[in-house]
Amino acid sequence: MRPPLIFGALVLLAASFAGGQTGKAGTPLIADLSDDLVAITTGFEGSDLLLFGTTEGEGDVIVVVRGAATDLVVRRKARVAGIWINRDEVRFTDVPNFYHVASSAPIEELLAIDLLRDEQIGIEQLVLQPTTELEDDDAIAYRAALVRNQQRRALYYSKVETVSFVGGRLFRTKVSFPANVQTGPYMAEVYLVQEGAIVSKAVTPLQVRKLGFEAEMFSFAQNQSALYGLIAIVVALMAGWLAGFVFRKI
Amino acid sequence: MNIYLPIAEMSVDVFLLLGMGAGVGFLSGLFGVGGGFLMTPLLIFIGVPPAVAVGTEANQIVASSVSGVLAHMRRGNVDFKMGAILTAGGFVGSGAGVWLFTVLRDLGLVDLLITLSYVVFLGIIGLLMLFESVRSMLRNRRTGGSGRKLHQHNWLHGLPFKTRFRRSRLYISALLPLGIGFFVGVLAAIMGVGGGFIMVPAMIYVLGMPTAVVVGTSLFQIIFVTANVTFLQSVTNQTVDLVLALLLLTGAVIGAQLGTKAGAKLHGEQLRGLLALMVLGVCAKLGVDLVKTPEDIYSIGEDF
């Protein structure tokens, strides 16, 4: 399914390039995604989107894709009577549940640290706010643990993805969503950087959503949980009876 | 071929799930146990959230117990009166278990609760079974059979509410099966098992029921208790994945038939010895995980 998608995206890319050239001469940056929906269906194993666009004039491009802000609990185990038990926990608010960065050059070389921090570009600059006051050591350890765990689950990037330029003005990059990606609204922010300053910024929203059977099962289990439970029991009773019946005949 | 499980929210290979179902089904057919105590840890090993593993496995056990109990009913090996009283205790017990599960889930201690229950109960049962089967193997070698009494009389027989159980040929206090039902109900809810591996020895050694009706009656009450767990887990925690349950079930049904055929070729004591070793193996694996220093002592908990 991927080759046709990329092919389609390239066609789109060419079209938007043409459009950018003729129609929107005043816009320094145009960007779009190959799809604005990541659909979680029965065969979902993760998904790659193509982010592409065109810039006016020279410059570098940084792409930041962020998931919805959620609350997270980070727990620390300690040994109690020889057994490892979750002992302490710290709650963080407004943590993006997905964080991806791509750039055409190392981000620290493109922008000063203050600017990166203002825009929260790069994991080091990401604001992760614990709800309780922490000692310095703990604050650093818990923050690092949050990032490390999210990276292990491929929800945060481990390495900045490259943004590659084609012919000087056309750029493209890949955004990979793992199979365990969470549903909700996402935001792709594209920055055009020239000589240490952000010249232009384009924002493209996208959605990650369960679709079809997956969506119906999930919302059924959530919203009519009693009925779901009863149906699960009836299905199991019938399956068991059927199995007993079939194997008695054999 | 991967499938996205709607409640577990993960992508898993269909054939892995069918294979796990078949493997555990084979062993459960071979040994005459439900297999929940193997399947739930296996599901957790492959990355299914523990809460979903427990809730879903309860649902799967409903199905496998139904197909098992039908065969026992045809042979008249179910004591319905005893089953009803065990079920009554089991309903209250599983309700308490789901409540405890939910409270500990909010505290981030549910994984620990599940693992600890497994280590403790599998350890005890495994050792008892191993001991028992080795002893009877040695005894069979020396003499022909055993002259053990059906059951001993002790303080348990002095409890009030004496009831007659015709099918089991017993006259004992109704509080006994009620208590056992309650206890196993709590475990069913917490561990995602039917509890047969505790119920069966308890029926034989504590209640003194004849062996012929033990398995059928145990399966009979397991249906109701695991159905109750399925319902309560669906309502309180939304952790029953019907797609996962059906996939495991499909494999398990086929595996169980093959296992039953293979089991007919082995001796009772050998079977129990093997089962004991397997139980102890799972117990050891989980025990080591509890004690061994984890790769990352920090973890993320969501939704709470």
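User: What makes strand 3 and strand 4 of chain B a pair?

Analyst: In this predicted model, strand 3 (residues 162–165) and strand 4 (residues 170–173) of chain B are joined by four bridges in the antiparallel sense. Pairing asks for at least two bridges, so the two strands count as paired. Within this pair, B:Thr163 stands opposite B:Ile172 of strand 4 of chain B.

User: Which residue in the turn of that hairpin has a positive phi, and how many residues lie between the strands?

Analyst: Four residues lie between strand 3 and strand 4 of chain B, and B:Arg169 in the turn has a positive phi of about 55°.

User: Why is helix 1 of chain B called roughly antiparallel to helix 2 of chain B?

Analyst: The axes of helix 1 (residues 14–31) and helix 2 (residues 36–45) of chain B cross at roughly 155° and come within 9 Å. Angles over 145 degrees count as roughly antiparallel, so helix 1 of chain B is placed in that class relative to helix 2 of chain B. The contact is made by B:Met20, B:Val24 and B:Leu27 on helix 1 of chain B, with B:Leu38, B:Met39 and B:Leu42 on helix 2 of chain B. The crossing of the two helices is right-handed.

User: How many helices and strands does chain B have, and why is chain B called as compact as a globular protein of its length?

Analyst: Chain B has 10 helices and five strands. Its radius of gyration is 19 Å, and the globule rule gives 19 Å for 304 residues; the two values are close, so chain B is as compact as a globular protein of that length. Along the principal axes, the C-alpha atoms of chain B fill a box of roughly 55 × 40 × 40 Å. Buried residues are 51% of the 304 in chain B. Of the contacts in chain B with a separation of 6 or more, 81% are between residues 24 or more positions apart.

User: What are the corresponding figures for chain A, starting with helices and strands?

Analyst: Chain A has six helices and 13 strands. Of its 250 residues, 30% count as buried. Among contacts in chain A between residues at least 6 apart in sequence, those joining residues at least 24 apart make up 69%.

User: What makes strand 2 and strand 9 of chain A edge strands?

Analyst: Six strands of chain A form an open sheet in the order 2-13-12-4-7-9, with mixed pairing. Strand 2 (37–40) and strand 9 (161–162) of chain A each have a single partner strand, so one side of each has no neighbour in the sheet.

User: How do you know that strand 4 and strand 12 of chain A are paired?

Analyst: Strand 4 (residues 60–66) and strand 12 (residues 184–194) of chain A share seven bridges and run in the antiparallel sense. The requirement is at least two bridges, so these strands qualify as a pair. A:Ile62 has A:Tyr191 of strand 12 of chain A as its bridge partner.

User: Why are A:Gln120 and A:Ala154 called partly exposed?

Analyst: A:Gln120 has 17 C-beta neighbours inside 10 Å, which is between the exposed limit of 12 or fewer and the buried limit of 20 or more, so A:Gln120 is partly exposed. A:Ala154 also has 17 other C-beta atoms within 10 Å and therefore counts as partly exposed.

User: How many residues of chain A are in contact with chain B, and which element of chain A supplies the largest share?

Analyst: 45 residues of chain A are in contact with 46 residues of chain B. Elements that each supply at least two residues of this side of chain A include strand 5 (69–80), strand 6 (83–96) and helix 4 (136–152). The largest share, 16 residues, comes from helix 6 of chain A.

Conventions. Residues numbered from 1 in each chain as written. Chains lettered and ligands numbered in written order. Predicted model: local features only at pLDDT ≥ 70, side-chain atom pairs only at ≥ 80, totals over all residues. Rg over C-alpha atoms; globule rule 2.2 N^0.38 Å. Contact = placed C-beta atoms within 7 Å. Axes fitted to C-alpha atoms, helices over the stretch in contact; angles between N-to-C directions. Parallel < 35°, antiparallel > 145°, perpendicular 65-115°, else oblique. Left-handed = near helix turned anticlockwise from the far one by under 90°.
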